[in-house]
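Dear colleague,

Please find below the structure that I am handing over to you. My notes on it follow directly after.

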Amino acid sequence: MNTPLTIGALARREGVTAEALRYYERLGLIESSRRTASNYRLYDGEARRRLRFVRRAQELGFSLTQIGEMLSLHARPEADMSEVKVLAESKIADISAKINDLQRMKSGLEALTAHCPGHGLIAGCPILNALLKEDPE
């Protein structure tokens, strides 16, 4: 599809807001191919491909800065793919750390809820009492 799309049409097609497209453009992640006589942005196939790249990378947890780095690397065919692998491995480590944190939080909540009968006066709530407990100094 080589027909240029306006910002609204591209936003609807790709499931993003026009403001998100403008933001991505300000960051240099995508760019309009040209403007109409009435100053509307027009986006070509390359902008659509880059937008899909941005969206897919975001779904994998990459930040917009990291996405910009990957797009810059992609624009340099002589660049070594090891740089992309390092970014991906770093993201895997971040995700693993988040998973560990979530598992720790889940275990803590499971332990608290296991001690709660789920009925009775709030003053005896083991969950609230554990959260209000003073830290030993």
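In these notes a residue is called buried when its relative accessible area is under 20%, exposed when that area is over 50%, and partly exposed in between. Please keep in mind that the model is a predicted one.

**Overall form**

The protein chain contains six helices and three strands. Read from the N terminus, its elements follow the order β-α-α-β-β-α-α-α-α. The radius of gyration is 24 Å, whereas a compact globule of 137 residues would have one near 14 Å. The C-alpha trace spans about 70 × 40 × 30 Å along the principal axes. Of the 137 residues, 23% count as buried. Among contacts with a separation of 6 or more, 41% are made by residues 24 or more positions apart.

**The sheet**

The three strands form an open sheet in the order β1-β3-β2, and the pairing is antiparallel. Its edge strands are β1 (5–6) and β2 (34–35), each of which pairs on one side only. Between β1 and β3 (residues 41–43) the antiparallel pairing runs over two bridges. Within this part of the sheet, leucine 5 lies opposite tyrosine 43 of β3.

**Helix α1**

In α1, the buried residues are Ile7, Leu10, Ala11 and Glu14. They lie on the same side of α1, because the arc they cover around the axis is only 100°.

The C-alpha atom of alanine 9 is separated by 9.5 Å from that of leucine 42, which is 33 residues away along the chain. Just after α1 comes glycine 15, with a positive phi of about 70°.

**Helix α2**

Helix α2 (residues 18–27) has Ala20, Leu21, Tyr24 and Glu25 as its buried residues. Viewed down the axis of α2, these residues fall within an arc of 140°, so they line one face of the helix. Among the elements that cover them are α1 (7–14), β3, α3 (45–59) and α4 (64–74). After α2 comes glycine 28, whose phi is positive, near 85°.

**Glutamate 25 and arginine 41**

Which side chain makes a polar contact with that of glutamate 25? The partner is the side chain of arginine 41, at 3.0 Å.

Leaving out residues up to four places away in sequence, glutamate 25 touches Ile30, Glu31, Ser32, Arg41 and Tyr43. With neighbours within four places likewise set aside, arginine 41 is in contact with Leu5, Thr6, Ile7, Arg22, Glu25, Ser32, Arg34 and Arg35.

**The cysteines**

How many disulfides are there in the model? The count comes to zero. Cysteine 116 takes part in no disulfide, and the nearest cysteine sulfur, belonging to cysteine 125, is 4.7 Å away. For a disulfide the two sulfur atoms would have to be within 2.5 Å.

Cysteine 125 counts as buried, because its relative accessibility is 14%.

With kind regards

Notes
Residues are numbered from 1 along each chain as its sequence is written. This is a predicted model: local features need pLDDT of at least 70, side-chain atom pairs count only at pLDDT 80 or more; totals for chains, interfaces and linings use all residues. Side-chain values use heavy atoms; hydrogens and water are left out. Buried means under 20% relative accessible area, exposed over 50%, partly exposed in between (1.4 Å probe, protein chains only). Two strands pair if DSSP finds at least two bridges between them. Helices (H or I, at least four residues) and strands (E, at least two) are DSSP runs, numbered from the N terminus. The arc is that of the directions from the helix axis to the C-beta atoms. Contact means heavy atoms within 4.5 Å. A polar contact is a pair of N or O atoms within 3.5 Å; within protein, one must be able to donate a hydrogen and the other to accept it, and residues adjacent in sequence count only if both atoms are side-chain atoms. The radius of gyration is taken over C-alpha atoms; the globule rule is 2.2 Å times the number of residues to the power 0.38.
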